[in-house]
Amino acid sequence: MEYKQLKAFPKDFLWGSASAAYQVEGAWNEDGKGPSVWDEFVKIPGKTFKGTNGELAVDHYHRYKEDIALMKEQGLKAYRFSIAWTRIFPNGRGEINQAGLDFYINLVDELIANGIEPLVTLYHWDLPQALQDEYMGWESRQVIDDFVNYATVLFETFRGKVKYWISLNEQNIFIQLGYLMAVHPPAVVDPKRMYEANHIANLANASVIKKFHEMDMPGQIGPSFAYTPNYSFDSNPLNVLAAEDTEDIMANFWLDVYAWGEYPIFAMNYLKEQGVAPTIEPGDMALLKEGKPDFLGVNYYQTATHVFNPLNGVGMGKMNTSGKKGSSEETGMPGVSKKVANPFIDRTNWDWEIDPQGLRIALRRMTSRYRMPILITENGLGEYDKITETNEIHDDYRINYLSSHVKAIQEAITDGVTVLGYCTWSYTDLLSWLNGYQKRYGFVYVDQDETQNGSLTRYKKDSYYWYQNVIATNGEEL
């Protein structure tokens, strides 16, 4: 729908940006921190771009005050960051590591002192290696109690200071990439194990949200989901059904559980037909219903377009982690769908489809289905950024990307969607997991090349000043 005039952004709209502990902090073994699964995974040859890791990252652990000063100058209203479980409990549970907890106390206090709302992510993929070694991490129900214990310490520590909590970040990504594609920890290919681990992660997520509400915590909590809306390539009914099936298996399968505590009928039937449905014990479904979130977080980057894929069709193909446009392999689910190029939109150098209207579609679908507030926890453009001899970074392509997506949010708000805030990914440049340091997302350029050499000096990009003005005008000037 096209409007004559769009509604203004709410006065208390959270204009923010985001990061994750492993991607920015560094100090991987300082002040009592224990190893996470990512500290070990990156040591496997060939798993990350040029063997890059987060041991130094962009040294946010030692430079957080400098980074927060840049946030204040920009006018940032909110900063979303994750807490490293192994800084609080080096072995996943046991005695609290006070030095690690103190880092986050200082970080939160510094944000609040500078007028920036802290948004805390409890889990952004860095599971304690000790728990992976002891009982296979997310494949054991023991992780539920350990996760709740860890979260409870944080709830008690930051009661009244942190108002917005994200329970699990992109469960659909760390589960699928870890257990189906072997490109994340624990690096296995086993659909049955994947769905078993996913169900346990659902129970852990619900348990933490339930605990939050039982403690009568001031504020709100919800999971963050990586939502890729699925389109049909055309009006061929086979392709329309392929898109519907994919939406159920790849989106509703997680979101329905978060919002309603129920698995979608078709998706669960599909898993049973494949022999990979999770084990559901007595009391599981009741617990899932008790873990109703206060909002749904959405990480939005792209859409996916599909055609029907026969039983003898293509399976899971390799991702583009090199930054060479067009190098992604064909991918699909035999008997369900195959992803194809959408001729109406462009792609990044990592073959991610640039589709701002897809964000509006995502927000509309989620609102119509779940009728819950939405917090956009990630949205951004990863690209090659070049710094000039005078230390300028002209990233008009990022400004165009973000501007078009912010307009789509405003259109969705005009449609009637309740959006709490918008966190770009990311604030500074950082380690882009599998893609190393060549793929940059930030408003702030960090002097570090793809081989992890550089001064780590921070430089403001053109997009930094653009977002500064967007915040100052509350989205009136895009």
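Student: Is Arg-365 buried, partly exposed or exposed?
Tutor: Keep in mind that this is a predicted model. Buried needs under 20% relative accessible area and exposed needs over 50%. Arg-365 has a relative accessible area of 30%, so Arg-365 is partly exposed.

Student: Which residue forms a salt bridge with Arg-365?
Tutor: Side chains of opposite charge can pair when their charged atoms come close. Here the closest N and O atoms are 3.2 Å apart, and the partner of Arg-365 is Glu-247.

Student: How many residues apart are Glu-247 and Arg-365?
Tutor: Look at the helices first. Glu-247 sits in helix H10 (residues 237-260) and Arg-365 in helix H13 (residues 356-370). The pair links distant parts of the chain, and the separation is 118 residues.

Student: And is Glu-247 buried or exposed?
Tutor: The cut-off for buried is under 20%. Glu-247 has 10% relative accessibility, so Glu-247 counts as buried.

Student: What does Arg-364 form a salt bridge with?
Tutor: Arg-364 is in helix H13, and its partner lies in helix H14 (residues 396-415), 51 residues apart. The closest N and O atoms are 3.2 Å apart, and the partner is Asp-415.

Student: How far apart are the closest N and O atoms of Arg-398 and Asp-395?
Tutor: A salt bridge needs a side-chain nitrogen of Lys or Arg within 4 Å of a carboxyl oxygen of Asp or Glu. Arg-398 and Asp-395 also belong to a network of salt bridges that includes Asp-429 and Arg-440. For Arg-398 and Asp-395, the distance is 2.9 Å.

Student: Which side chain does a polar contact of 3.2 Å join to Glu-378?
Tutor: Glu-378 has several contacts beyond its neighbours within four places in sequence, including His-124, Asn-169 and Trp-425. The polar contact of 3.2 Å joins the side chain of Glu-378 to that of Arg-80.

Student: What is the bridge partner of Tyr-231 in E8?
Tutor: Start with the open sheet, where four strands come in the order E6-E8-E10-E9 with mixed pairing. Strand E6 (230-232) is an edge strand, pairing on one side only. Three bridges join E6 to strand E8 (residues 304-308), and the two run parallel. In E8, the partner of Tyr-231 is Thr-305.

Methods: Residues are numbered from 1 along each chain as its sequence is written. This is a predicted model: local features need pLDDT of at least 70, side-chain atom pairs count only at pLDDT 80 or more; totals for chains, interfaces and linings use all residues. Side-chain values use heavy atoms; hydrogens and water are left out. Contact means heavy atoms within 4.5 Å. A polar contact is a pair of N or O atoms within 3.5 Å; within protein, one must be able to donate a hydrogen and the other to accept it, and residues adjacent in sequence count only if both atoms are side-chain atoms. Two strands pair if DSSP finds at least two bridges between them. Buried means under 20% relative accessible area, exposed over 50%, partly exposed in between (1.4 Å probe, protein chains only).
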